[in-house]
Amino acid sequence: MLIGIDLGGTKIEVLLLDETGHEVFRKRLPTPQGQYAAILQTIKQLVDEAEQHAGQTCTVGIGTPGAISPATGLIKNANSVVLNGKPLPTDLENLLQRPIKTENDANCLALSEATDGAGAGAAVVFAVIVGTGTGAGIVVHGKVLTGANAIAGEWGHNPLPWPTASELPGKPCYCGQQGCIETWLSGVGFEAEYRLATGSKRASADIVRLAEQGDTQAEALMQAYEERMAKSLAHVINILDPDVIVLGGGMSNIQRLYTNVPQRWGKYVFSDQVSTRLVAPQFGDSSGVRGAAWLGASSPPGKSGY
């Protein structure tokens, strides 16, 4: 059996799968805030509980914010800053007394959806988490592409492509650059654009609802968002040419994106036609923890190329 751990900023989730992908056990606990040692102990507690249900020692995979630096073996780029600079994989292996497979949480989303989700059977899957940030992961022939610098899929920290004059120079990004895709497409960026246009502060879901009700400012903002996403994903298609792009995160709940964005991206893609599919995740917000579990599988079901 396979154990997956999703280490989030607010919750830590464990999932126990059998080798066919059937869910056996699931539990969530709050993430101890700013307490690295307590985070390790919470993960151990969840693994122990899952193994009690399994009745056996299991493989363990974990999805984390940020990435493992190939140079140091330490966590980098995590928005849960208490993890940065920590030897998380080594500490967990010592605590659990077994090898641990660790991947970025967006890579886990990509692996889950490529294995038995919305991208099952596709050769190349690009999975995007569009929420607080805009991370992404890549799976090629069933295997996660991590990259030489452990940053494969970090599309959100490239500049918005084909910007209009009004979009230049762009807003400052926490990474130190300006005009990054993340500053436009994240839920935070979307809400900031509405606040700038109207002087009113609203949550993303409320803005989408206003557009559905015919509010002209909200609708104009939605159309601008769709155009920016189309340009940004066209950039990915021109480089990676994926079969499937899966949208995750809070913004993935906007249903009109799946129709409108592909209608817009054709003019930016260097091809006479675009066969890439834009789809919602089959497993919703559970997909990342499923992908973490699949990290430990020798041959997940439903995929060729293993």
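Analyst: Begin with burial: a residue counts as buried when its relative accessible area is under 20%. The model here is predicted. Cys58 is buried, because its relative accessibility is 4%. Cys173 also falls under the cut-off and is buried, at 9%.

User: How many disulfides does the structure hold?

Analyst: A disulfide is a covalent bond between the sulfur atoms of two cysteines. The structure holds zero disulfides. Cys58 is in none, and the nearest cysteine sulfur, in Cys108, lies 17 Å away.

User: Next, the backbone. Which residues other than glycine have a positive phi?

Analyst: Most residues other than glycine have a negative phi, and most peptide bonds are trans. Gln97 is one exception, with a positive phi of about 60°. Gln97 sits in the loop that runs between helix H2 (88–96) and strand E7 (101–104), and it is exposed, with a relative accessible area of 65%. Trp162 is another case, its phi being near 45°. Trp162 lies in the loop between E10 and H4 and is partly exposed, at 39% relative accessible area.

User: Where is the cis peptide bond?

Analyst: A cis peptide bond joins Leu168 and Pro169, with omega about 0°. Pro169 is placed in the loop between strand E10 (143–144) and helix H4 (181–185).

User: Now the strands. Why is E9 described as largely enclosed?

Analyst: The reasoning goes through burial. Strand E9 (residues 134–140) has seven residues and five of them are buried, so the strand is largely enclosed by the rest of the structure.

User: Which strands pair with E9, and in what sense?

Analyst: Strand E8 (residues 124–130) pairs with E9 in the antiparallel sense over seven bridges. Val124 stands opposite Val140 of E9, and a hairpin of three residues joins E8 to E9. E9 and E10 are also antiparallel, over two bridges. Here Val139 has Val144 in E10 as its bridge partner.

User: What is the phi of His141 in the hairpin of E9 and E10?

Analyst: That hairpin has two residues between its strands, and His141 takes a positive phi near 50° there.

Methods. Residues are numbered from 1 along each chain as its sequence is written. This is a predicted model: local features need pLDDT of at least 70, side-chain atom pairs count only at pLDDT 80 or more; totals for chains, interfaces and linings use all residues. Side-chain values use heavy atoms; hydrogens and water are left out. Helices (H or I, at least four residues) and strands (E, at least two) are DSSP runs, numbered from the N terminus. Buried means under 20% relative accessible area, exposed over 50%, partly exposed in between (1.4 Å probe, protein chains only). A disulfide is a pair of cysteine sulfur atoms within 2.5 Å. Two strands pair if DSSP finds at least two bridges between them.
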